[in-house]
Amino acid sequence: MSNLDKLVHAFFHFVLTTLCFLFLKSSSSNLNNLKPLLFSFLFSVFFGIAIEAAQGLLTETRHADVFDVLANMSGATLSILLIWLFNLNTKFK
């Protein structure tokens with residue numbers, strides 16, 4: 001069951017990072033993808049860390065887990081890599 005939990009964390013942060021990037025990219029007139037990519041990644045990672053810290057500090061029934069943070073970062077990283085590969089692929093067509 002623990003591994004399924006980590007997959008859910010990774011999936012959530014994959015979706016969060018992707019949607020954040022798409023929103024920032026659509027609201028920007030700049031053709032550069034670097035700032036939206038970086039901001040989306042950092043937002044997802046810091047949001048995940050904040051949620052884990054809040055669980056550890058503010059609840060008695062939940063605990064902070066460093067492996068949840070690593071799963072969050074994995075999902076965010078996968079999102080950024082796939083966006084980058086998609087953009088790289090579409091530039092050469």
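**Close-ups of a predicted model**

By the rule used here (a side-chain nitrogen of Lys or Arg within 4 Å of a carboxyl oxygen of Asp or Glu), the count comes to 3 salt bridges. Keep in mind that this is a predicted model, where local features need pLDDT of at least 70 and side-chain atom pairs count only at pLDDT 80 or more, while totals for chains, interfaces and linings use all residues. Residues are numbered from 1 along each chain as its sequence is written, and side-chain values use heavy atoms, with hydrogens and water left out.

**View 1. Asp 5, Lys 6, Asp 65 and Asp 68 are linked in a network of salt bridges.** Start with Asp 5 and Lys 6, whose closest N and O atoms are 3.1 Å apart. Asp 5 is partly exposed, with a relative accessible area of 31%, whereas Lys 6 counts as buried at 17%. (Buried means under 20% relative accessible area, exposed over 50%, and partly exposed in between, using a 1.4 Å probe and protein chains only.)

**View 2. Here Lys 6 pairs with Asp 65.** In this salt bridge the closest N and O atoms sit 3.0 Å apart. Lys 6 belongs to helix α1 (residues 2–26) and Asp 65 to the loop between α2 and α3 (66–91), so the pair ties together parts that are 59 residues apart in sequence. Helices here are DSSP runs (H or I, at least four residues), numbered from the N terminus. Asp 65 counts as buried, at 17% relative accessibility.

**View 3. Lys 6 also meets Asp 68.** The side chains form a salt bridge at 2.6 Å, N to O. With Lys 6 in helix α1 and Asp 68 in helix α3, the pair ties together parts that are 62 residues apart in sequence. Both Lys 6 and Asp 68 are buried.

**View 4. Now for helix α2, residues 34–58.** Its 25 residues reach 35 Å from first C-alpha to last, close to the 36 Å expected at 1.5 Å a residue (that is, 1.5 Å times one less than the number of residues). Buried residues in α2 include Pro 36, Leu 37, Ser 40 and Gly 48.

**View 5. Phe 12, Phe 39, Phe 43, Phe 47 and Ile 51 make a nonpolar surface patch of about 460 Å².** Patch members have over 30% relative accessible area and no salt bridge; like charges are joined within 9 Å, nonpolar side chains (Val, Leu, Ile, Met, Phe, Trp, Tyr) within 5 Å. Accessible areas come from the Shrake-Rupley method with a 1.4 Å probe, and for residues only the protein chains shown count as cover. The largest share of the patch, 4 residues, comes from α2. Phe 47 is found in that helix and counts as partly exposed at 34% relative accessibility.

Key: Helix = DSSP H or I, 4+ residues; strand = E, 2+ residues; numbered from the N terminus.
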